[in-house]
Every structure is written in structure tokens, then in C-alpha cells.
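Please open the structure in your viewer and keep the sequence beside it. This tour goes from one selection to the next and says what is there at each stop.

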Amino acid sequence: MMTLHWNRCAGDRWCWFLNVNLDHPSFLGGLSGHLEGVYVIWLGNGGRTVYVGSGQIANRLRSHRLASWVPKYGDDLLVTWAVVATQLQEGVERYLIDTLQPLEVQRRPAADPIMVNTPSS
């Protein structure tokens, strides 16, 4: 199993999806100039996973804030992310989708699942 470091915000708390500062320098890095990896969005009032994705984290989260599914979950969405090498992202994303069973699934990568720790583990 690959161990991921799931990021938190100030005070070692999970980040609010709609409020996390996506322009913060911590989202910069990597060959593209943008932090890449996987992310999980979930409901803070019950822990149910809403969405799992991968790619350039800040850019993907920014686009999800405009998604049609966001308003139905209100302001109670939390988010975390972990750095994952580009060539492993789809396998990790597939494992997280299979394991966490998100409410919103827009794509399911065809890659073989790569087992990782989840944000709650």
C-alpha cells in the first residue's frame, strides 16, 4: 500500500471546500508549476464522500466550485488533497473511487487500482 500525506488547513483541520485559498503558494510546484495529485471532497456532517478526482489540484478544485452538483450539498463540503506522481494518479483515483463510493462520479479511470490510505485512515 502506498501511503499518502493528506493535506489539512491551519489548525490541523480539514479544509472547507468553498473557502480554501486555491491561490496559496502551497498549490504551486511540480513540472507544470502546479501541484498535482488526487483530492477528495466530502460532507462534513456525516463524512459521506461526494467527489474524488486527480490532476492539477487547484485548477480542478476551482472548476468543481462551479459544478452543478455543488449547491445541493450546501456549505458543508470539506476537501483534502495529496501529491501523487502523474503516472500513478489514475490508479490512485480509481482505488479511491472504488473504496469511498462518491455520490458524484463523472469518470472512472480504466487504470488498475493502486491501494492507498484514505483521508480517514
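Select cysteine 9 and cysteine 15, where the torsion about the S-S bond is about 110 degrees, so the disulfide is right-handed. A disulfide is counted here as a pair of cysteine sulfur atoms within 2.5 Å, and the sulfur atoms of cysteine 9 and cysteine 15 are 1.9 Å apart. A search of the whole structure finds 1 disulfide.

Before going on, note that this is a predicted model, in which local features need pLDDT of at least 70 and side-chain atom pairs count only at pLDDT 80 or more, while totals for chains, interfaces and linings use all residues. Residues are numbered from 1 along each chain as its sequence is written, and side-chain values use heavy atoms, with hydrogens and water left out.

Is cysteine 15 buried or exposed? Cysteine 15 is buried, with a relative accessible area of 1%, whereas cysteine 9 is partly exposed at 27%; buried means under 20% relative accessible area, exposed over 50%, and partly exposed in between, with a 1.4 Å probe and protein chains only.

Next, select the strands, which are DSSP runs of E with at least two residues, just as helices are runs of H or I with at least four, numbered from the N terminus. An open sheet of 4 strands has the order β1-β4-β2-β3, with antiparallel pairing, where two strands pair if DSSP finds at least two bridges between them. Strands β1 (15-16) and β3 (49-56) stand at the edges, each with a single partner strand, so one side of each has no neighbour in the sheet. Strand β2 (residues 36-43) pairs with β3 over 7 bridges in the antiparallel sense.

Now select tyrosine 39, which stands opposite glycine 53 in β3. For the aromatic pairs, rings of Phe, Tyr and Trp (its six-membered ring) pair if their centres lie within 6.5 Å, and planes under 30 degrees apart count as stacked, over 60 as edge-to-face and the rest as tilted. The whole structure holds 5 such pairs. One of them is the stacked pair of tyrosine 39 and tyrosine 51, with 6.3 Å from centre to centre and 15 degrees between the planes. This pair links tyrosine 39 in strand β2 with tyrosine 51 in strand β3, 12 residues apart, and both tyrosine 39 and tyrosine 51 are buried.

Ring pairs link Tyr39, Tyr51, Trp69 and Tyr73 into a cluster.
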